[in-house]
Each structure stands twice: as C-alpha cells, then as structure tokens.
There are 2 protein chains.
Amino acid sequence: MSQQLAVGIDIGGTNTKFGIVDRRGNILCDGRMLTNKHEDVNAFLDELHGHLSLLITQVGGMENIRGIGVGAPNGNFYTGNIEYAPNLRWKGVIELAKLLEAKFGVPAILTNDANAAALGEFMYGAARSMRDFIVITLGTGVGSGIVANGQLIYGHDGFAGELGHCIVIPGGRLHTGTGARGSLEAYASATGVTNTALEFLASRPDTKSILRDLKKEDINSKTIYEAAMKGDPLAMEVYEFTGKILGEALANFVMFSSPEAIVLFGGLTKAGDLIMKPVREHMEKNLLPIFQNKVKLVFSELQESDAAILGASALAWEMKD
Amino acid sequence: MSQQLAVGIDIGGTNTKFGIVDRRGNILCDGRMLTNKHEDVNAFLDELHGHLSLLITQVGGMENIRGIGVGAPNGNFYTGNIEYAPNLRWKGVIELAKLLEAKFGVPAILTNDANAAALGEFMYGAARSMRDFIVITLGTGVGSGIVANGQLIYGHDGFAGELGHCIVIPGGRLHTGTGARGSLEAYASATGVTNTALEFLASRPDTKSILRDLKKEDINSKTIYEAAMKGDPLAMEVYEFTGKILGEALANFVMFSSPEAIVLFGGLTKAGDLIMKPVREHMEKNLLPIFQNKVKLVFSELQESDAAILGASALAWEMKD
C-alpha cells in the first residue's frame, strides 16, 4: 500500500526537525539539522534532502510518501512562501513549498510554526475532536494558531493568528523586534520573562533573590525557572506577573472566538502551576459571565519536538489529491 | 414557485423590525412594533404573528416562505434561544426559535444581532464576496460579527464575537453593565462617547464648548455629534479620543483573524471622517508591518434598518432543508 506516510518538517530559528509520520500520528523515524548553517536556502535544501532520503528509504521509498508538510516562521499557507522571517538567514520571500516539490517530486504545503502546532494538537494532541480552540506557543516568541468551526483561521492573506503582537498594555514595554509598545510577546516570551526579572531586580533592591548571585547575562528564562522552583520569591513573582498579563490577554481572545479550550505550548509551560494558576485566575476575572468557567485551559499533551513534526505532517493529510 | 422568500426579524431593545425578503436581498414589505410592550414573550409573539400574517398574505401565503431568521441580543445560533438578554423584559432562557416554529409552521433560526448584521453585509452589503471580514456595530453597545474562511464564527457555545467586551485599557473606565474596567464598549458605545464628553467637560474647565450650554442630561451622542459638526473643539476631541481607542482595538482584532475588511456599522459612523480618520490612523500605527495598508476600513453600505432585516433573513437561506 502506498501514499500512506507524510513528511513533517519544522523549521525553527536554531534547529530544523523532520520526521516521517503515519496517519495515526506515529513518528516512524526522525532527525534534525541546524537551520542557519547555510546562508543559501538551496544549500539548506540539499542537506535536508540528504537526511530525508535516508529516512525515506528506511520506510520503503518515495512511493509511500503522500506529501510534505512544513511549519516555518512567517510561513504562508496560501503562497507556500516564507516571507521576511526575522530569525532566518534567508531574507525576503523564499518559495519553499515550490523548491521542496521540485526537490522531492511530491506536493509540499507550508504554514507558520504556531499553526502547525495547532494542527498537531487538533489531530493528535489535547484538542482532538474539538472544533474551536486556540494554541498559544510560549517560546522565544509568542505565537498562536486558531481553529474555529473545525478549520484553521488563515485570514485573507494567510497571516491570521499573530496574537503575540496584540497590544495588552497600551504604551507598555518596548518590543525591540517590532517597535511596538506593550505587546503580549514583550511580556510572555522567554525574553519578556527575562526582562521582567531584570526590572524587578532593579526596582526592588531590598527584595532578596538568588538571582542577584548571577551575572546579569546569566539571568534568563532557565535560571529564573530554576530559582522559582527553589522557592525564590522574586522569581515566583515574575511568573505571577507574567501569568496575570497572559491571563488577561487570553480573556480577550476568548471574547473573539469562544474556544472550547486554550492549549498552552512551549518553554514557559514547564513552570506548571506557577504560571497556570495566575493565568487561569486573571483570565476568568476578565471574562464576561457567559464565558466564565467554560474554557478549558490546558498544557499541550504532545512532546514539544514531536508536536512540531506531527503538526507539519498533518498539513500533508489536508492536501487535496 | 414556492419557498423563495424568507422572513427576517430584528429584535432590538426598543423596536422589533420585520420584513419579507427575496433571495436577491429585496425587502418586499416590512413593518415594526415595540419590543418591550409585552412582559410575556407569548403576547409578543401573538402581536408579531398578527403583523407578519398580513405581510405573508401580501406575498402569496405561507407556501412561499422558506423560513424565519432572527437577530436578537444574546441570541444563540446553536440553541435557538435568547439567553439572559440584559435589555429585554423576558428574563432567563427564551426558546424563541422553537416558539416561532410552532407559531408559523416553518423552520426558524436565531443568532445575535451583530452576527445578523455581519450576514447582511456578507450577502448584500460591503462584504459581498469576501471570505474574511469583521463587522463592528457601534450603537447603544458595541457588538461584532466575525467571518473567517467564509463562515460566521460562533465558537463552541454560540457566543463568539463579543469584541465590545475586550479590555483595551487595563484598569480603565468602569462599564456599569458588566463591572469590567476598560472594555471597548465603555468607550466606543453611545454611552461611552457621552461619558468621554462629560469627563472632558469636567477636566478641562478652560476649554470652551457649546456643550456647556446644555443641561448635563441633554449631553448625549446626538448632541455631541451636532456640536462636532458645528466645529466645537471639545466635541471633536471626543471623536478623536474615541477613534484612537477604537483604532487600537481594531489593530488587535486584525492580529487575530487578518480580515480583508472591517465594516463599521451603527450610530457612531454618522460622524464620518471625524471618527474614521483617527480610527484608521491608530489602527495602522498598531499593526505589524505585514498587516499595514492592507485592511479595508469601510462603513456599512446597508441602511441600518434594512441591514438588520436582511441579515436576519439571510439566516433562513443558510438552513438545511
């Protein structure tokens, strides 16, 4: 039997992960490579083709591959292009789907990384069987994928779901990447959490914290997490503050699409209840009564590295023959 | 030929408007009655039935009526119920679609008033042929109807699209109806505009304004509009302020569903450029570059009273046989 497998590729700022997936969401084999080793996208594709060819041979050859799905920053579902991705070395518009199709001889389809994560949750994760949900990815940046009426929302131009760039505190903290003030990403990303800790350390000189023993450049989302896990009050307050802002933002998102669930995904979720409790509290507080105590707030059930590959591969099943 | 007409009913806080509409959006005949004359919904339906029966006879009888569509505050598409509408005399859950079906013997379908307006724009108005757009109704309250992928977004519970209740200024002005602080409706509704004028009059005692000649209770969205039209600087500043807040909110909505257009509808739009210019300026200023200069910002093309009936009737064409 042929055409029953899909290739999933997740292009991240650092690593590109890839795998071969069956319809049930089993990753039969996978691998990774550095994304930014190659300045030329063709050299990147040559290396990727080499890795994937070995895996494809393992699963019986190209005749078993239905298609290739890719999640990538600023990936546009409609055009198949990566458009002006700030964290990639390939500048401008990269016709990635077209290049992959030429290279592998099967259909390729592309979307942004957060949409791919949403598709992964939809088909294999916490949002199985849901028709309305939102995935928020909390990593280096804050991304989102929105499913309504059982479909991903792409918007008229393929760029829907940039919830990380919603302004949550008008005139608030500067987001150096975009120049905006007070966007969700300025607070709820790894960089945002770090900046909150640095602000707290500066503005509360009398509050003890083990973070004060670190060099400034060693204060990051990982060391803040470790301090909070040891009960450091200032580090815990960083999560409380971040959770409040994220929870208030989620309430606004609920007012938009009234999802059955919001699935949180990515680094920040490792803090567990430290982040989830304030998120839940402040989301509920800001909801109209008709929405209260209805929205499931859950962490992703998928392993992070798997979710990306699964979500990307899920795109291939959606392709029309 | 039968089954080619639909009844559209728009239940508002003051008036209920109804009409008979053909597939092309021609209103063949229409009428209105007071919504809150009857404390009992059955008495309301008896009167409505009387009015509509005359109209239906005019168009050749019930065999020409395919169904009834209703837009109503807190109308739920999934249940066919009006649920806890604050501005209606009928309290709790009213099974309106069921009651109408029993009364008229044809299928009836219900949604909230802003969704009905969005359907009207979709089928007959400014959003014809668009698959992704948002309608914002600016009246006594601020409502919204969101279309994505060519479908109205209802959410998992039928209550999606309450954008008027998004918090735009955390900790901002109290919305007395909901208890929330800083929601869009607290600023961009008729009441919001009035409150802004009262605040400006109090906080800027040295600014001249013809509004100072009025009694406090006579300051409302109508008199503020008239003052602004006469070039009153304080009244014009009210629109500038309202437009800024609305524009910033619209930018956040664009980040969500990346619509081709946002259609503004209702009383506030009468101010024309006075409101549209600041809305456009502050929306664009808050958008990511990938969204800038792309989103059409337009006023509804439908007459307000017609839009409501048309939108409601459009529901009937969506019903499955």
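Predicted model: local features only at pLDDT ≥ 70, side-chain atom pairs only at ≥ 80, totals over all residues.

User: What is in chain A, in terms of helices and strands?

Analyst: Chain A has nine helices and 12 strands, where helices (H or I, at least four residues) and strands (E, at least two) are DSSP runs numbered from the N terminus. The radius of gyration of chain A is 20 Å, close to the 20 Å from the globule rule for 321 residues, so chain A is as compact as a globular protein of that length; the radius is taken over C-alpha atoms, and the rule is 2.2 Å times the number of residues to the power 0.38.

User: How much of chain A is buried?

Analyst: Buried residues account for 51% of the 321 residues in chain A, with a residue called buried if 20 or more other C-beta atoms lie within 10 Å of its own, exposed if 12 or fewer, and partly exposed in between, the C-beta atoms being placed from the backbone.

User: Now the two chains: what rotation superposes chain B on chain A?

Analyst: A rotation of 180 degrees with 0.0 Å of shift along its axis does so, at an RMSD of 0.1 Å, using least squares on the C-alpha atoms of residues with pLDDT of at least 70 in both copies. That is the relation of a two-fold axis. The same surface serves both copies, as 100% of the contact residues of chain B recur in chain A; two residues are in contact if their C-beta atoms, placed from the backbone, lie within 7 Å.

User: And how many residues does the contact take from each chain?

Analyst: The contact takes 33 residues from chain B and 33 residues from chain A. On the side of chain B that touches chain A, helix H7 (residues 233-257) of chain B gives the most, with six residues. That side divides into 16 nonpolar, 10 polar and seven charged residues, counting Ala, Val, Leu, Ile, Met, Phe, Trp, Tyr, Cys and Pro as nonpolar, Asp, Glu, Lys and Arg as charged, and the others, Gly among them, as polar.

User: Switching topic, at what angle do H3 and H9 of chain A pack?

Analyst: Helix H3 (residues 113-124) and helix H9 (residues 304-318) of chain A pack at about 85 degrees, with their axes 7 Å apart; axes are lines fitted to C-alpha atoms, for helices over the stretch in contact, and angles run from 0 to 180 degrees between N-to-C directions. H3(A) and H9(A) are therefore roughly perpendicular, a label for angles of 65 to 115 degrees. Their contact has 12 nonpolar, two polar and one charged residue.

User: Is B:Val263 buried or exposed?

Analyst: B:Val263 is buried, with 30 other C-beta atoms within 10 Å, and its place is in strand S11 (residues 261-265) of chain B.

User: Lastly, what is the phi of A:Asn74?

Analyst: A:Asn74 has a positive phi of about 55 degrees although it is not a glycine. A:Asn74 is in the loop between strand S4 (65-71) and strand S5 (82-83) of chain A, and counts as buried with 20 C-beta neighbours inside 10 Å.

Note on methods:
Residues numbered from 1 in each chain as written. Chains lettered and ligands numbered in written order. Parallel < 35°, antiparallel > 145°, perpendicular 65-115°, else oblique.
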